[in-house]
Amino acid sequence: MPIFGLVDCNNFYASCERVFQPSLVSKPVVVLSNNDGCVIARSQEAKELGIAMGAPLFKIRDLIQRHGVAALSSNYALYGDLSERVMSILAGAAPGHEVYSIDECFLDLHQLAVDDLSAWCRQLRHTVRHWTGIPVSFGIGTTKTLAKVANRLAKKSARSNGVLDLARNHNWIEQALFKTAVCDVWGIGRRWAAMLEQEGISTALDLRNANDGWIRKRMGIVGLRTVHELRGIVCHELETQPQPKQTTCCSRTFGKAVEDRDQVRDAVISFAERAAEKIRGSGQVASAMQVFIATDRFNTAAPQFSEAASTIFATPTSDSRTIVRAALQIFDRLWRRGYAYRKAGVLMLDLTSAAELPITLFTRVADAGQPLMKAIDGINDRYGRGTIGLGISSKKADWRMKQVALTPRYTTRWAEIPIAMI
């Protein structure tokens, strides 16, 4: 019988900040989106204050000041590095694993030769906390969906001590499903949840007991698979090999509205270089590319403009020079004076594996820049992203993100490594 474990980092972004700032432990913490616009992560203490996910910062400033909430800019370099450390520990502990998101990982537990699975999970939970400082919760089930249900309850239950096993405690399943709102079931979005609740299906238990024909008619095969998973029928296997991406995007909302052409052009160059770096990092090449620029659609008092255009490469490429050159050609076609731009981006399309690219007459020409790109990537890996590139842009340009409360990149920059005083 398959047994899936879902490991979820508790309040991950806030937990990452607390690893290097112990003074934040037990205090309410929120992490803000790009440009410090709205809340994208909350500690449990912040949730208990009623701070909602996605709440705009300007609307909760009084609440933040009144309760001493720590409002921090998002530090993705730190979060990504700590995520990799957590995932490497989990990967070494189980025979199979699937990294589902930056803070979630499915484990294959059915081949483990242990007498007490819950005790084993608690020991692994302790190891992750001891080695990384990140608290995690375990949910165990005979399907991924049941493991998700178990994990959600493990976080909320003090008695579970962070681990809930629904695989070897079948008599707990009905109670667990009854305690889970249908909107909290993995794969049930807002629209389906609203529809189901209108039909009297308000819990995961109600959904599990629903008629197959009705579910298939209203929710299709995807919804029916969710119901089967709630019944213990495996429909989603462990994906140990992640599916290759078909697209890669690099875009940003600017720190403030920008009318200067050179600044928007500079942003497009930066995004194109980063997009090229990302696809090289995954061993891919792009056959096409799209560039877009847009004004602030929320500022209805200002003139609005939004446009995008694309191009096809003669030969699939990951060369920054080719990609930046094409991005600038598109940008020149898109640019319109008289608008205050708030966002731009570069989207790499039709990605394929560079190793599987068919050899053609032009292959050697396309490969000529690989040594240079490899050298650039190596320097940036060693000394930090942006150390070397096709052009030097101002670090204080108006288009760059506002990150007023950005904490140091403690684990990825030599200059920002914390100092321990003895």
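Predicted model: local features only at pLDDT ≥ 70, side-chain atom pairs only at ≥ 80, totals over all residues.
View 1. Glutamate 45, by contrast, is partly exposed, with a relative accessible area of 24%. The side chains of glutamate 45 and arginine 18 meet in a salt bridge at 2.9 Å, N to O, the term standing for a side-chain nitrogen of Lys or Arg within 4 Å of a carboxyl oxygen of Asp or Glu. This pair links distant parts of the chain, since glutamate 45 lies in helix α2 (residues 44-48) and arginine 18 in helix α1 (residues 12-20), 27 residues apart. Helices (H or I, at least four residues) and strands (E, at least two) are DSSP runs, numbered from the N terminus.

**View 2. Two further salt bridges.** Glutamate 104 in strand β6 (residues 104-108) and lysine 148 in helix α6 (residues 144-156) are 44 residues apart, yet their closest N and O atoms are 2.6 Å apart, and both residues are buried. Arginine 342 and aspartate 296 also form a salt bridge, at 3.6 Å, N to O.

View 3. Four strands form an open sheet in the order β9-β12-β10-β11, with antiparallel pairing, where two strands pair if DSSP finds at least two bridges between them. The edge strands, each pairing on one side only, are β9 (248-258) and β11 (306-317). Helix α11 (residues 261-281) lies across β9, β10, β11 and β12 (341-353), running at about 155 degrees to β9; axes are lines fitted to C-alpha atoms, for helices over the stretch in contact (heavy atoms within 4.5 Å), and angles run from 0 to 180 degrees between N-to-C directions.

**View 4. The largest nonpolar core.** Of the 35 residues in this core, Phe254, Met289, Val346 and Met348 touch the most other members; a nonpolar core is a set of buried Ala, Val, Leu, Ile, Met, Phe, Trp, Tyr and Cys residues joined through side-chain atoms within 4.5 Å. Helix α11 gives the most to this core, with nine residues.

**Notes on the model.** Residues are numbered from 1 along each chain as its sequence is written.

Note on methods:
Heavy atoms only, no water. Buried < 20%, exposed > 50% of the residue type's maximum accessible area, 1.4 Å probe, protein only.
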